[in-house]
Amino acid sequence: MKQEPEGVVLAFDFGLARTGAAVGNTLTNSARALAILDTPTNDSRWKAVAALIEEWSPAFLVVGVPRLGDGSPSTLTARCERFARQLGGRHHLKVFTVDERFSSVEVEHGRDHIDDEAARVILEQFFRESEARRAAASH
């Protein structure tokens with residue numbers, strides 16, 4: 001089984017008006033909220049994402065893909081999948097997707113904008129799933 005690259009990772013919680021970003025590291029499997037990109041246009045979103053990628057030089061990227069509680073697609077599923085594909089194509093980086101159906105629920109605690117914390121939860125989930133895949137592959 002092919003293992004993910006090691007190093008810095010950026011994760012995104014895509015939204016139509018705002019996109020949350022988190023940064024983490026595969027060596028420590030830790031993540032922290034990084035920024036909320038207030039991106040009302042596609043152009044502004046791509047510029048903000050490019051600036052983060054340039055600043056952090058990630059080994060790869062993670063994008064949360066929302067689904068309904070039963071696992072079926074939500075109204076944003078296709079847009080998030082498209083964002084993930086475009087992200088990889090534009091920046092020539094591997095992009096992993098994570099089912100993020102519960103990330104926003106997990107971080108809601110009275111904040112108006114939780115996108116950056118949702119991105120952190122998405123990245124932490126990716127790390128947990130990667131660890132589980134490695135453990136399963138070693139048995």
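These legends go with a set of close-up views of one predicted protein model.

Local features here need pLDDT of at least 70 and side-chain atom pairs count only at pLDDT 80 or more, while totals for chains, interfaces and linings use all residues. Residues are numbered from 1 along each chain as its sequence is written, and side-chain values use heavy atoms, with hydrogens and water left out.

**View 1. The whole chain, to get your bearings.** The protein chain has four helices and five strands, laid out from the N terminus as β-β-β-α-β-α-β-α-α. Helices (H or I, at least four residues) and strands (E, at least two) are DSSP runs, numbered from the N terminus. Of the 139 residues, 43% are buried. Buried means under 20% relative accessible area, exposed means over 50%, and partly exposed is in between (1.4 Å probe, protein chains only). Take the contacts in the chain with a separation of 6 or more: residues 24 or more positions apart account for 62% of them. A contact here means heavy atoms within 4.5 Å. The accessible surface comes to about 7,500 Å², and 51% of that belongs to carbon and sulfur atoms. Those areas come from the Shrake-Rupley method with a 1.4 Å probe; for residues, only the protein chains shown count as cover.

View 2. Strand 1 (8-13) and strand 2 (residues 18-25) pair in the antiparallel sense over six bridges. Two strands pair if DSSP finds at least two bridges between them. To find your way around this pairing, look for Leu10, which stands opposite Val23 in strand 2. Four residues sit between the two strands of this hairpin. Strand 2 also runs antiparallel to strand 3, with eight bridges joining them, and here Arg18 has Asp38 as its bridge partner in strand 3. This hairpin also has four residues between its strands, and Asn29 in the turn has a positive phi of about 50°. Six of the eight residues of strand 2 are buried, so the strand is largely enclosed by the rest of the structure.

**View 3. Ala35 and its surroundings.** Ala35 belongs to strand 3. If you leave aside neighbours within four places in sequence, Ala35 is in contact with Thr19, Gly20, Ala21 and Asp116.

**View 4. Helix 1 and its buried side.** Helix 1 (residues 42-56) has 15 residues, which at 1.5 Å a residue should span 21 Å; its end C-alpha atoms are 21 Å apart, so the two agree. The expected span is 1.5 Å times one less than the number of residues. Which residues of helix 1 are buried? They are Arg45, Trp46, Val49, Leu52 and Ile53. These residues cover an arc of only 125° around the axis, so they sit on the same side of helix 1. The arc is that of the directions from the helix axis to the C-beta atoms. What covers them includes strand 1, strand 2, strand 3 (30-38), strand 4 and helix 2. On the face turned away from the buried side, you'll find the exposed residues Lys47, Glu54 and Glu55.

View 5. Asp115 counts as buried because its relative accessibility is 12%, whereas Arg18, at 26%, counts as partly exposed.

**View 6. Glu81 and Arg67, a salt bridge from helix to loop.** The closest N and O atoms of this salt bridge between Glu81 and Arg67 are 3.5 Å apart. Glu81 lies in helix 2 (residues 77-91) and Arg67 in the loop between strand 4 (60-65) and helix 2, so the pair ties together parts that are 14 residues apart in sequence. Both ends are partly exposed: Glu81 has 30% relative accessibility and Arg67 has 26%.

View 7. Arg120 forms a salt bridge with Glu124, with the closest N and O atoms 2.9 Å apart. Both residues lie in helix 4, four residues apart, about one turn of the helix. Salt bridges that share partners join Glu117, Arg120 and Glu124 into one network. Glu124 is partly exposed, with a relative accessible area of 23%.

Methods:
Salt bridge = Lys/Arg side-chain N within 4 Å of Asp/Glu carboxyl O.
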